[in-house]
Amino acid sequence: MRLPWRTLTLHTAPVRRTSSVPAGVLNFVPACSSTDGPSVELLQDFVSRARRLFVITGAGLSTESGIPDYRSEGVGLYARTDRRPMQHAEFVRSAKSRQRYWARNFVGWPQFSSHQPNSAHRVLQRWEARGRLHWLVTQNVDALHSKAGQKRLTELHGCAHRVMCLGCGGISAREELQRRFEALNPDWRAQAGAVAPDGDVFLEDEQVLHFRVPACEDCGGILKPEVTFFGDTVKKTTVQFVHDRLAESDAVLVVGSSLQVYSGYRFLLAASDRKMPVAILNIGSTRADHLAELKVSGRCGEVLSLIQPL
């Protein structure tokens, strides 16, 4: 399956011009030209020849569902604000930081939890149903792959729809915690600011002073979203499980990720060591461009909707 390495930039002569972002959804997809035919044909050929495709997805996939990412030019969190995401060490050591985090998350949860899979999620689920997608690893914590019906799935960084106790390790539903927040804070109100990628909104510090945060009902421990914060590491058992699934695969497709975070990039290094063919679909450059034999720049939903595994 080895092809000469090439970077394909999507040109303005389009295959189709319909937007992959549903009407009424905030558009956090960075500017990109429409899809050209030759790029789609080469990606079609790559996917068709794979029999056990390993897919790794990132935030660029969910921008088409209205969830912002961190790094996209012009529309990502880092481009829109000087705010930075929660660090693991800060969350663990500081009650005030946890109060601020959970207050923001409480306000943003109704919107974040209502996001729905887009056309790219649905295409990947159909590939799985047809037996062509061997395993999917997502770096996203938004549960959109699960909502789309994906079964052969590893949520590498966890899922914001689950809550864990740092004391006893118990796992509970985030929706259940929302009800506990409402009961503890019946009169608390806050005006939300800009939307952040991982389920919260921006609030001023004085807005969160009186927000009350519950403890674990079983042991009284600290509650944390079951996600890997910046500065934390993915469990070794999860990493090994993904490596095992990669070893069973015959090709790798990256969808909507710049792979700037090592937790995902490591699997591209492993694929390269195994001489596995790699294709990347993403708007803009990625950390693994030099490892790919095929690079297509384009909107995930727009491009994947044109691909049919044979």
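Predicted model: local features only at pLDDT ≥ 70, side-chain atom pairs only at ≥ 80, totals over all residues.
Some housekeeping. Residues are numbered from 1 along each chain as its sequence is written, and side-chain values use heavy atoms, without hydrogens and water. Local features need pLDDT of at least 70, and side-chain atom pairs count only at pLDDT 80 or more, while totals for chains, interfaces and linings use all residues.

Helices (H or I, at least four residues) and strands (E, at least two) are DSSP runs, numbered from the N terminus. How do α9 and α10 pack? Their angle is about 35°, and the axes lie 11 Å apart. Axes are lines fitted to C-alpha atoms, for helices over the stretch in contact, and angles run from 0 to 180 degrees between N-to-C directions.

Next, salt bridges: a side-chain nitrogen of Lys or Arg within 4 Å of a carboxyl oxygen of Asp or Glu. The whole structure has eight salt bridges. One of them joins the side chains of D45 and R49, at 2.7 Å from N to O. Both residues lie in helix α1 (residues 37–49), four residues apart, about one turn of the helix. In general, side chains of opposite charge can pair when their charged atoms come close.
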